[in-house]
Amino acid sequence: MILVTRPFLPPMEEYNRYLERIWKSSQLTNMGPLSRELEERIKEYLKVDYLLFVTNGTIALQMAIKALELRGEIITTPFSFVATSSTIVWEGCRPVFVDIDPRTLNIDPTKIEAAITSKVSAIMATHVYGNPCNVAKIDAIAKKYNLKVIYDAAHAFGVEVAGTSVLNFGDISTLSLHATKLFHTGEGGLMLTRDPRLFERLQYIRNFGFRGEDSFAYLGINGKNSELHAAMGLANLKYIDQIIHKRQALSFQYDQNLKQKNLGRPLWHKNSINNGAYYPVFFESEEKLLHCRKKLLDNGVSTRRYFYPSLATALPYIELKALPVTDDIAKRVLCLPLYYDLKVEEVDWICNLIM
Ligand code: T4K
């Protein structure tokens with residue numbers, strides 16, 4: 001069976017070397033030496049100033065909403081993983097869905113202003129498949145209306161836009177380091193900001209709000225991650241360039257093979273390079289997608305409909321809303337297998353199965 005994705009696993013002896021350090025120190029969690037080392041090394045790799053290693057990408061979004069003290073409504077995209085919407089509701093706010101751009105599949109910045117009311121406190125946009133949103137435009141709108149911006153950058157590890165990390169935009173960016181992500185710690189997440197005061201607040205929030213042993217600075221939560229997860233991250237980080245290059249090469253192989261087939265591909269930000277997080281294609285119709293998906297599955301190839309259905313039509317805890325572009329695209333998008341150990345011959349074989 002060819003799965004849609006498989007996690008990269010470092011050589012076990014390299015992971016074990018980190019585990020030996022844990023055994024020696026008996027520090028298992030609470031931001032021990034491996035977690036701190038991981039933060040430092042990722043900061044260096046991504047060229048960012050402030051970063052926190054947290055439990056997962058979902059709690060990172062929740063902590064971002066909390067730290068920015070968001071209230072009322074948050075403008076967001078319906079074309080994303082459920083966590084992008086559910087965290088808004090979880091934090092007592094209401095998602096206001098704005099349709100996506102049919103070429104980039106990211107929130108359409110030209111439609112944001114029409115959705116802004118006095119109740120809106122922020123914009124939460126996803127860099128879908130790692131493809132940067134129009135950050136310049138979104139940040140400019142936010143500035144004009146005095147709104148906060150959270151970028152859900154769950155898929156955007158290592159992505160740059162115009163020569164700087166895409167994580168340097170907005171007030172806070174969040175990442176997922178889940179096992180299915182190109183850089184992972186098993187479970188995990190990251191939070192990034194350029195604001196030292198916000199960073200300080202996030203540090204408190206991650207640790208129950210504790211300031212020292214017996215006083216509290218903020219309402220906090222347990223958003224910490226463990227040394228065992230940090231060990232996985234450190235062992236994987238050594239291979240990150242190799243992982244990204246391999247995924248980019250496999251994506252190129254798909255591009256070459258699928259050129260002649262009648263499939264669409266998202267339009268990538270013109271000042272950015274695809275990190276190979278996913279390989280989405282869109283079909284002419286849902287019927288063609290379902291037919292092809294079945295054929296692939298019958299031949300042992302698993303695919304995923306990231307992101308179907310539109311969140312604005314699927315979640316039982318929100319007011320449902322039809323959005324023509326998202327409703328159409330979500331039905332026609334399919335992610336093909338893409339992971340470090342996938343072989344070029346397997347990509348060729350998968351492409352041959354696609355009509
Ligand atoms: N924002 C966005 C935009 C996101 O995409 C996500 C997560 C989040 C926020 C929230 O971040 P986290 O809280 O998760 O850190 C997966 C992931 O669970 C989820 O992290 C991810 N996005 C989402 C897009 O996909 P599933 O339902 O596809 O996972 P699953 O278990 O079906 O795995 C897919 C394939 O990977 C399987 O065929 C088997 C393989 N696999 C999976 C796991 C977990 C392995 O080989 N090993 C493994 O350990 O959700």
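A salt bridge is taken here as a side-chain nitrogen of Lys or Arg within 4 Å of a carboxyl oxygen of Asp or Glu. The structure is a predicted model, in which local features need pLDDT of at least 70 and side-chain atom pairs count only at pLDDT 80 or more, while totals for chains, interfaces and linings use all residues. Residues are numbered from 1 along each chain as its sequence is written, and side-chain values use heavy atoms, with hydrogens and water left out.

Across the whole structure, 18 salt bridges are found. One of them joins the side chains of Lys 144 and Glu 113, at an N to O distance of 3.0 Å. This pair links distant parts of the chain, with Lys 144 in helix α5 (residues 135-145) and Glu 113 in the loop between β3 (94-97) and β4 (120-126), 31 residues apart. Helices (H or I, at least four residues) and strands (E, at least two) are DSSP runs, numbered from the N terminus. Lys 144 is exposed, with a relative accessible area of 60%, whereas Glu 113 is partly exposed at 33%; buried denotes under 20% relative accessible area, exposed over 50%, and partly exposed in between (1.4 Å probe, protein chains only).

A salt bridge also connects Arg 21 and Glu 37, whose closest N and O atoms are 2.8 Å apart. Arg 21 belongs to helix α1 (residues 12-25) and Glu 37 to helix α2 (residues 33-46), 16 residues apart. Arg 21 is partly exposed at 38% relative accessibility, as is Glu 37 at 26%. Together with Arg 41, these two residues are linked in a network of salt bridges.

In the pair formed by Arg 305 and Glu 286 (2.9 Å, N to O), Arg 305 lies in the loop between α9 (286-298) and α10 (311-314) and Glu 286 in helix α9, so parts 19 residues apart in sequence are tied together. Arg 305 is buried, with a relative accessible area of 14%, and Glu 286 is partly exposed at 25%.

Helix packing was examined for α3 (residues 57-67) and α4 (residues 83-90), which pack at an angle of about 45° with their axes 9 Å apart. The contact (heavy atoms within 4.5 Å) involves Thr 58, Leu 61, Gln 62 and Ile 65 of α3 and Ala 83, Thr 84, Thr 87, Ile 88 and Trp 90 of α4.

Ile 172, in strand β8 (residues 172-176), is buried, with a relative accessible area of 0%. Residues touched by Ile 172 include Ala 64, Ala 67, Leu 68, Val 149 and Met 191.

Terms used
Axes are lines fitted to C-alpha atoms, for helices over the stretch in contact, and angles run from 0 to 180 degrees between N-to-C directions. Lists of a residue's contacts leave out its neighbours within four places in sequence.
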